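Please read the following account with the sequence and the coordinates open.

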Amino acid sequence: YDAGVVATTSAFVNATYANPNSGKIQPGTYSLYKELPAATALDMLLDLNNLSGNRIQINPGQNVTQITQTIKAITGLTEEDITGAMADTAATGLPAEANGSYEGWLADGDYRFAPDVTATEVVTEMVSRTVKRLTDLEVDPGKWEETLNLASIVEKEAGRADEMPLVASVIYHHLGAGQRLEVDSAVHSAPG
């Protein structure tokens, strides 16, 4: 109403009650026309193509360097902005168990941020999603870092998603027997 998109707030409220999908509006900044029928304005808010701002897509398996480059390319933030934000682990919510390393803690997925997003907001949202996933899976908080490390190895070793349980089973068997993992991703990334 204030931006001149709809004629009255009551018309928009009525349109939301009439549309069972109205609760699916995603947060963000939308590009809309002025003087729209309330139902049309609502339909435009439900269409993610009208969501403006910064859309960041992080693919599974990307490392911190790759994610940083993606954030830079999409948002226009500088590497200094991003590394500066990462330096303040308290502000980004990075668990102490991570020892200051964001590797594995920046969740993959589709993100949408306002045009004026800060690096701290981006990093915080990515860490928050990882923490939520671990919490939802009821992983013991003391084992979050270990779980992320093992998940990373499984992801790199498995050729396909349906192979992941088998690879995880082999890894847990080796760890339980006190054997070395001897998997490519662990051997090639081990400190010299």
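This is a predicted model: local features need pLDDT of at least 70, side-chain atom pairs count only at pLDDT 80 or more; totals for chains, interfaces and linings use all residues.

Residues are numbered from 1 along each chain as its sequence is written, and side-chain values use heavy atoms, with hydrogens and water left out.

In soluble globular proteins, nonpolar side chains tend to be buried together. A nonpolar core is here a set of buried Ala, Val, Leu, Ile, Met, Phe, Trp, Tyr and Cys residues joined through side-chain atoms within 4.5 Å. Buried stands for under 20% relative accessible area, exposed for over 50%, and partly exposed for values in between (1.4 Å probe, protein chains only). The largest nonpolar core has 27 residues, and the members that touch the most others are Ile56, Ile71, Tyr102, Leu106 and Met126. Two or more residues come from each of β3 (54-58), α3 (64-75), α4 (79-87), β4 (109-113), α6 (119-136) and α7 (144-157). Of these elements, α6 gives the most, with six residues. Helices (H or I, at least four residues) and strands (E, at least two) are DSSP runs, numbered from the N terminus. A second, separate core has eight residues, including Val6, Leu36, Leu42 and Met44.

What does Tyr102 contact, leaving aside its neighbours within four places in sequence? Its partners are Val64, Ala85, Met86, Asp88, Thr89, Thr92, Leu94, Val123 and Val127, where contact means heavy atoms within 4.5 Å.

Thr130 lies in helix α6 and is buried because its relative accessible area is 5%. Beyond four places in sequence, Thr130 contacts Gly104, Trp105, Leu106, Ala107 and Leu148; Leu106 is also among the core members that touch the most others. Asn50 sits in the loop between α2 (38-46) and β2 (51-52). With a relative accessible area of 17%, Asn50 is also buried. Not counting residues up to four places away in sequence, Asn50 touches Thr29, Tyr30, Ser31 and Met44, and Met44 belongs to the second core.

Even so, Pro115 touches Thr29, Gly53 and Asn54, with residues up to four places away in sequence not counted. Pro115 and Gly93 are 22 residues apart in sequence, and their C-alpha atoms are 22 Å apart in space.

Side chains of opposite charge can pair when their charged atoms come close. The structure holds nine salt bridges, each defined as a side-chain nitrogen of Lys or Arg within 4 Å of a carboxyl oxygen of Asp or Glu. One of them joins Glu79 and Lys72 at 3.5 Å, N to O. Both partners are partly exposed, Glu79 at 33% relative accessible area and Lys72 at 27%. Another links Lys143 to Glu146, with the closest N and O atoms 3.9 Å apart. Lys143, at 41%, is partly exposed, and so is Glu146, at 38%. Arg160 pairs with Asp162, the closest N and O atoms being 3.0 Å apart, and Asp162 is exposed at 54% relative accessibility. Salt bridges with shared partners also join Arg55, Asp110 and Arg112 into one network.

Next comes a helix pair. α7 and helix α8 (residues 164-176) pack with their axes 9 Å apart, at an angle of about 130 degrees. Axes are lines fitted to C-alpha atoms, for helices over the stretch in contact, and angles run from 0 to 180 degrees between N-to-C directions.

The last topic is the backbone. Most residues other than glycine have a negative phi, and most peptide bonds are trans. Glu35, not a glycine, has a positive phi of about 55 degrees. Glu35 is in the loop between β1 (29-30) and α2 and is exposed, at 73% relative accessible area. Asn99 also has a positive phi, near 55 degrees. Asn99 lies in the loop between α5 (89-92) and β4 and, at 70% relative accessibility, counts as exposed.
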